[in-house]
Amino acid sequence: MESGLSSLLSVSIDFETSHLFFPRIIHWIMAGLFALILVTKVAPFMASVKRGERTMPILGEVRDNFRFFGTLVLIAAYFYFMAVVGDMFPYTGYGFLLVSMAFVLLMSLLYLHDWTKKALTIVVVNAIVAPSLAWFVLAKLFTITLP
């Protein structure tokens, strides 16, 4: 009886694969959520783009092509320049810092409606402070290597 109880209370851990347990669960949850988003949101959206409609079935609003395609271009440029600038300053995180500052600035300007002095000041301060804070926390406090 005692050997049965002790086997229930003992834990055997395979350290070569144990670190993969929760990431595997999260991976499948994220894959399922991604498939759900594709089916419910992206498919109707892409169908409306293909038909040339300017009203998105998801939001019921008129699509702003300049902002829509500008966002896609900025995201692609962000990842491209992250590698380029990161290679100029390897293992320092300056690629992340500098490119993120430019990305936040340009995205904010892209979506800024009222170009007042106050609004532009807030956009510029946010473009400097937010990536700097993220860089400091990730690179310096947690010593995570950034591009």
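Helices (H or I, at least four residues) and strands (E, at least two) are DSSP runs, numbered from the N terminus. This is a predicted model, where local features need pLDDT of at least 70, side-chain atom pairs count only at pLDDT 80 or more, and totals for chains, interfaces and linings use all residues. Residues are numbered from 1 along each chain as its sequence is written, and side-chain values use heavy atoms, with hydrogens and water left out.

**Exercise 1.** Describe the span of residues 68–85.

Solution. Start with the fold: the span is 100% helix and 0% strand. Then take the ends: their C-alpha atoms lie 25 Å apart.

**Exercise 2.** Find how helix 4 and helix 5 are oriented to each other.

Solution. Helix 4 covers residues 94–111 and helix 5 covers residues 117–141. Their axes (lines fitted to C-alpha atoms, for helices over the stretch in contact) come within 9 Å and cross at roughly 150°. Angles run from 0 to 180 degrees between N-to-C directions. Under 35 degrees counts as roughly parallel, over 145 as roughly antiparallel, 65 to 115 as roughly perpendicular and the rest as oblique. Therefore helix 4 and helix 5 are roughly antiparallel.

**Exercise 3.** Decide whether Arg67 is buried or exposed, and list its contacts.

Solution. Locate Arg67 in helix 3, residues 65–88. Its relative accessible area is 18%, so Arg67 is buried (under 20%; exposed is over 50%, partly exposed in between; 1.4 Å probe, protein chains only). Leave aside neighbours within four places in sequence: Arg67 is in contact (heavy atoms within 4.5 Å) with Leu110, Tyr111, Leu112 and His113.
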